Amino acid sequence: MTYTYFNPTVIEFGEGKIKSITKYIDKNLKVLVVYGGGSIKKNGVFEQVSKALEGYTWFEFGGVEPNPSVETLNKAVNLIKEKNIDFVLAVGGGSVIDGSKYLVASAVYDGDGWDFLEGKTIEKTLPLGAILTIPATGSESNGTAVISKKSTNEKRYFGSSLTYPKFAVLDPTIMSSLDDRQLANGLVDAFVHTCEQYLTYPNSSLLHDGYAHTILRGLHYLSLNWQNRKTLVWQENLMLLANQALNGFIGSGVPQDWATHMIGHEITAFYGLDHARSLAVVQPHLLRVMMEDKKDKLTLMGKEVFDMPHNYEMVVEAIEYMYKSIGVSTKLKDYDVDDKVIENITGALKKHGMSALGEKGNLTLDKVEKILKMSLN
């Protein structure tokens with residue numbers, strides 16, 4: 001086990017924590033509050049943020065869409081430069097926080113911010129803070145972001161140690177306004193994030209596997225108790241589990257996969273599926289295609305998470321059942337896709353240099369085609 005683990009984000013967890021942002025933002029800084037479709041102005045979050053920022057010079061930018069687009073974000077970059085903004089405060093879910101990471105890097109860069117999605121190293125950023133409203137991606141305490149370009153049907157990602165939020169407010173009471181789709185998406189997203197860092201091949205770290213088991217068991221428990229999804233206890237557990245699923249620790253020093261995400265990103269880029277739903281239509285079929293490589297960890301997962309100690313093939317069915325039980329389909333045929341979906345996805349992966357995916361680099365495009373065909377049948 002050899003790794004470096006780094007996470008500088010301060011977590012403020014619990015009811016009423018929005019007011020704590022003043023501990024981390026100097027009053028002499030000009031602040032840009034970034035949000036999505038405007039739900040924060042209906043659920044009381046914007047009011048709490050406004051109250052906390054009394055005495056500050058601050059501006060707002062709304063309209064960051066799910067799967068944030070560079071076209072929208074560049075408008076915010078222009079505003080940041082025009083108003084000489086010093087600090088960006090993201091108020092929203094993973095899309096808003098991801099988009100804000102793009103903003104803090106692009107606002108102090110002379111070129112086109114899309115360069116970072118093409119692999120250019122980020123050398124400096126504005127400071128960033130986050131108030132999480134939709135638990136799912138863990139973006140509030142990691143350094144990665146996924147950004148789309150509508151004009152070319154692309155969805156790409158970048159990561160940097162400079163784009164970690166300085167702080168993240170996790171107030172579970174904010175979740176009371178979320179609908180079933182958002183809650184289900186969050187649960188699936190967190191589950192797949194954990195699997196991407198766990199369902200590979202055996203490693204020697206008892207701690208990392210054990211921590212992953214705890215997260216997976218917790219998410220499975222929430223799915224079994226879906227009827228309690230509107231309770232504070234259920235929601236605060238989802239918020240914490242989703243955060244821990246992708247704060248960087250459980251993937252430190254162990255093999256990671258991420259093929260489900262790479263394929264899912266292309267599906268979202270072309271057909272607009274919710275991120276979590278794009279993962280759900282890929283993951284079970286990918287596990288079946290890659291069963292031989294993953295059977296040891298599937299067996300362990302069956303024992304530790306689903307109480308199925310001897311049948312690794314049944315574990316995939318258990319995952320599928322879990323998603324379906326909370327209203328998330330595992331079939332691409334249930335969504336609005338065309339007859340070019342396989343051609344589009346495999347072509348995009350090839351274009352983006354992703355012809356050998358997975359923890360061993362042996363998930364090739366012919367296997368991607370097989371996965372997609374299984375999801376369409």
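This is a predicted model: local features need pLDDT of at least 70, side-chain atom pairs count only at pLDDT 80 or more; totals for chains, interfaces and linings use all residues.
Helix H3 runs over residues 94–106. Its 13 residues should span 18 Å at 1.5 Å a residue, and the end C-alpha atoms are 18 Å apart, which agrees. H3 is mostly covered, with 12 of its 13 residues buried. Among them are Gly94, Ile97, Asp98 and Lys101.

The buried residues of H3 pack against strand S2 (30–34), H2, S4, S5, S6 and S7.

## Serine 139

Serine 139 sits in the loop between strand S5 (128–132) and strand S6 (144–149). Its relative accessible area is 2%. The cut-off for buried is under 20%, so serine 139 counts as buried.

Which side chain does the side chain of serine 139 meet in a polar contact? The partner is the side chain of aspartate 98, at 2.5 Å. Setting aside neighbours within four places in sequence, serine 139 is in contact with Gly94, Ile97, Asp98, Lys101, Thr144 and Pro165.

## Helix H13

Helix H13 covers residues 365–376. An α-helix has 3.6 residues a turn, so residues three or four places apart point the same way.

## Asparagine 377

Asparagine 377 lies in the segment after H13. At 61% relative accessibility, asparagine 377 counts as exposed. Asparagine 377 touches Lys331 and Lys333, not counting residues up to four places away in sequence. Asparagine 377 and lysine 331 are 46 residues apart in sequence, yet 7.7 Å apart in space, C-alpha to C-alpha.

## Packing of H4 and H6

Helix H4 (residues 180–198) packs with helix H6 (residues 232–245) at an angle of about 35°. Their axes are 9 Å apart. H4 passes H6 in a left-handed crossing. On the H4 side, the contact is made by Leu183, Gly186, Leu187, Ala190, His193, Thr194 and Gln197. H6 contributes Trp234, Gln235, Leu238, Ala242 and Ala245.

## Two asparagines with positive phi

Most residues other than glycine have a negative phi. Asparagine 84 has a positive phi of about 55°. Asparagine 84 is found in the loop between helix H2 (70–83) and strand S4 (87–92). Is asparagine 84 buried or exposed? At 52% relative accessibility, asparagine 84 counts as exposed.

Asparagine 153 has a positive phi near 55°. Asparagine 153 is in the loop between S6 and strand S7 (154–159). Its relative accessibility is 32%, which makes asparagine 153 partly exposed.

Definitions and conventions: Residues are numbered from 1 along each chain as its sequence is written. Side-chain values use heavy atoms; hydrogens and water are left out. Helices (H or I, at least four residues) and strands (E, at least two) are DSSP runs, numbered from the N terminus. Buried means under 20% relative accessible area, exposed over 50%, partly exposed in between (1.4 Å probe, protein chains only). A polar contact is a pair of N or O atoms within 3.5 Å; within protein, one must be able to donate a hydrogen and the other to accept it, and residues adjacent in sequence count only if both atoms are side-chain atoms. Contact means heavy atoms within 4.5 Å. The expected span of a helix is 1.5 Å times one less than its number of residues. Axes are lines fitted to C-alpha atoms, for helices over the stretch in contact, and angles run from 0 to 180 degrees between N-to-C directions. A crossing is left-handed if the near helix is turned anticlockwise from the far one by less than a right angle, and right-handed if clockwise.
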